[in-house]
Amino acid sequence: MNKRYILSLIAVVVLFLIAYLGVEAVPASKWLFGILIPYVALIVFVAGFIRRLLSWSRSAVPFAIPTTGGQQKSLKWIKPSTIDSPSSKSAVFIRMLLEIVTFRSLFRNTRMKLKEGRVTYQLEIFLWVGALAFHYAFFTVLFRHLRFFTHPTPLPVQLVENLDSFFRMEIMQDFIQIGVPGVYLSGLVLLAAVTYLFLRRIFIGNVKYISLASDYFPLFLIFGIAFTGIMMRYVLKTDVAAAKELTMGLVTFRWSIPGNVSSIFFVHLFFVSVLLAYFPFSKLMHLGGIFFSPTRNMRTDTRAVRHVNPWNYPVNVHTYEEYEDDFRDKMIEAGLPVDKMPEPQEASAEDEEPAAKPEEPEAGAADAATAPEEKE
Amino acid sequence: MSNRKGVIIGIVVFLAVVTFPFLYNRGKAAPAPEVELTEKAKAAKQCVRSTDYMQREHMKILDLWRHTVVRRGERIYVNPQGKEFNMSLSNTCLDCHSNKTEFCDRCHDYASVRPYCWDCHIDNPKESK
């Protein structure tokens, strides 16, 4: 038992009850759950998402921190790893693209184990498989749902629907009949993957240790969305034409609440609204965040190009030459060695490059990181 | 990150994706279609089950009928009111609902559903195309 996931579970159950009991007890609240809340959620989603992107775009990147997965480009006779250590913009693009569509960094996941007294690192592929299944299934489900928000339904959506339901399965029992409408694989894969991603957080000790309520809540919520959707399609049933009339009303601003839309539909819609509104404030923002990750979107050209820290400010330094100028006479009097013998001349040229001499301890912490490169 | 152009492109793409359904439909009303009943269907007053039930679960009934007929060889369906029906798409359903384009297709097209009933059941002579 762990209060982090129990609390998240309770939160989702409460959300279910709010929508279900609300619609069952007060029919007028269908306007709230079917029209008002979805709009509010969408506005929060869009505004919050853009606000988050803008704030990320304004934040500084003090250091060059691209993750390297291979040999950096250096001398001609050393073979660079073009994609894993990209040195050009196009290579970064390819790396980002492959990261986004195939999750290459998750594929590198290893698990450390003691095997016959030796430490071994084994490929641990299940997180990658689970994540890939989850994201693609979710995307397919989302794309398929365009049939409720477009009229006429565009051809690509129809093609995806056909492809998704190609596998005919039927359960014909007295108490349950599933088979028509055709079973969508993406829904089942989504449910299975989200279940796996949850169980993984429960049963793998070190993953459980770092899991927070903000990890569990979206998993439960997405489980709830997939589950209510699947129940609505195959078991509890709702009038699809009426459901589409409602959703089309949302996107054409001609609102209506058809009478024969069942309560489970409003629960499903409410869950989706909550997910949308929660999205910009949650870890789900990795959808936008991946593009702003300096570890991924920077070039690994740290040896060739100097990265200037935007936090750098002009530091007032007092170089040794200036110090010697100030005290040369006294130093000579005391018999200390000096660099310049006291010719009748004044030092003035040093002031030209105040930040470029790191020898002085006053140079400050902000400058320290760039100091080694500046010697060259 | 100070890639201003990239950020603006990203936000524009995001907005385009999110507002796609609004732009695609551009305020054109798309209410659920009205289905037309034939004289025969009107005269029968009620279908095999209630209208509400049929709207939601007709596909389930058809699937069950097919299963019962093909696997078990039973042809008689008794509804909750005790009325008996011959379990047949061509001879029972399409007997009343002989107007496929005005009845079946309207909702199916609206909801982007493409049932495979008519892949086989093209034999009904009563169907008026």
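These questions and answers go through a predicted model of chains A and B.

Residues are numbered from 1 along each chain as its sequence is written, and chains are lettered from A in the order in which they are written. Local features need pLDDT of at least 70, side-chain atom pairs count only at pLDDT 80 or more, totals for chains, interfaces and linings use all residues, and side-chain values use heavy atoms, with hydrogens and water left out.

Student: How many residues of chain A are in contact with chain B?
Tutor: Contact means heavy atoms within 4.5 Å. Chain B brings 36 residues to the interface. On the side of chain A the number is 53.

Student: What area is buried between chain B and chain A?
Tutor: Buried area is the accessible area (1.4 Å probe) that two parts lose on being put together, summed over both. Carbon and sulfur atoms give 64% of it here. The total is about 3900 Å².

Student: How many residue pairs are in polar contact across the interface of chain B and chain A?
Tutor: A polar contact is a pair of N or O atoms within 3.5 Å; within protein, one must be able to donate a hydrogen and the other to accept it, and residues adjacent in sequence count only if both atoms are side-chain atoms. Both residues must be at pLDDT 80 or more. The count is 14.

Student: Which helix of chain B gives the most to the side that touches chain A?
Tutor: Helices (H or I, at least four residues) and strands (E, at least two) are DSSP runs, numbered from the N terminus. Helix 1 (4-18), helix 2 (20-25), helix 4 (51-72) and helix 6 (104-110) of chain B each supply at least two residues to that side. With 11 residues, the top contributor is helix 4.

Student: By class, how many residues on the side of chain B that touches chain A are nonpolar?
Tutor: Ala, Val, Leu, Ile, Met, Phe, Trp, Tyr, Cys and Pro count as nonpolar, Asp, Glu, Lys and Arg as charged, and the others, Gly among them, as polar. This side has 9 charged and 6 polar residues. The nonpolar number is 21.

Student: Which residue of chain A forms a salt bridge with B:R114?
Tutor: A salt bridge is a side-chain nitrogen of Lys or Arg within 4 Å of a carboxyl oxygen of Asp or Glu. The rule finds 2 across this interface. For B:R114 the closest N and O atoms are 2.8 Å apart, and the partner is A:E161.

Student: Which residue of chain A forms a salt bridge with A:E161?
Tutor: The closest N and O atoms of this pair are 3.4 Å apart. A:E161 lies in helix 6 (155-164) of chain A and its partner in the loop between helix 5 (126-144) and helix 6, so the pair ties together parts that are 14 residues apart in sequence. The partner is A:R147.

Student: Is B:E57 buried or exposed?
Tutor: Buried means under 20% relative accessible area, exposed over 50%, partly exposed in between (1.4 Å probe, protein chains only). B:E57 meets B:R56 in a salt bridge (3.6 Å, N to O) and B:K60 in another (3.4 Å). B:D52 also belongs to the network that joins B:R56, B:E57 and B:K60. At 8% relative accessibility, B:E57 is buried.

Student: Which residues of chain B does A:V251 touch?
Tutor: A:V251 is found in helix 10 of chain A. Its relative accessible area is 3%, so A:V251 is buried. Not counting residues up to four places away in sequence, A:V251 touches A:Y39 and A:F149, and from chain B the residues B:P21, B:F22 and B:N25.

Student: How many of the 8 residues of helix 5 (89-96) of chain B are buried?
Tutor: Buried residues of this helix pack against helix 3 (39-44), helix 4, strand 2 (84-86) and helix 7 (117-120) of chain B. Among them are B:L89 and B:C93. Helix 5 is largely enclosed by the rest of the structure, because the buried number is 6.
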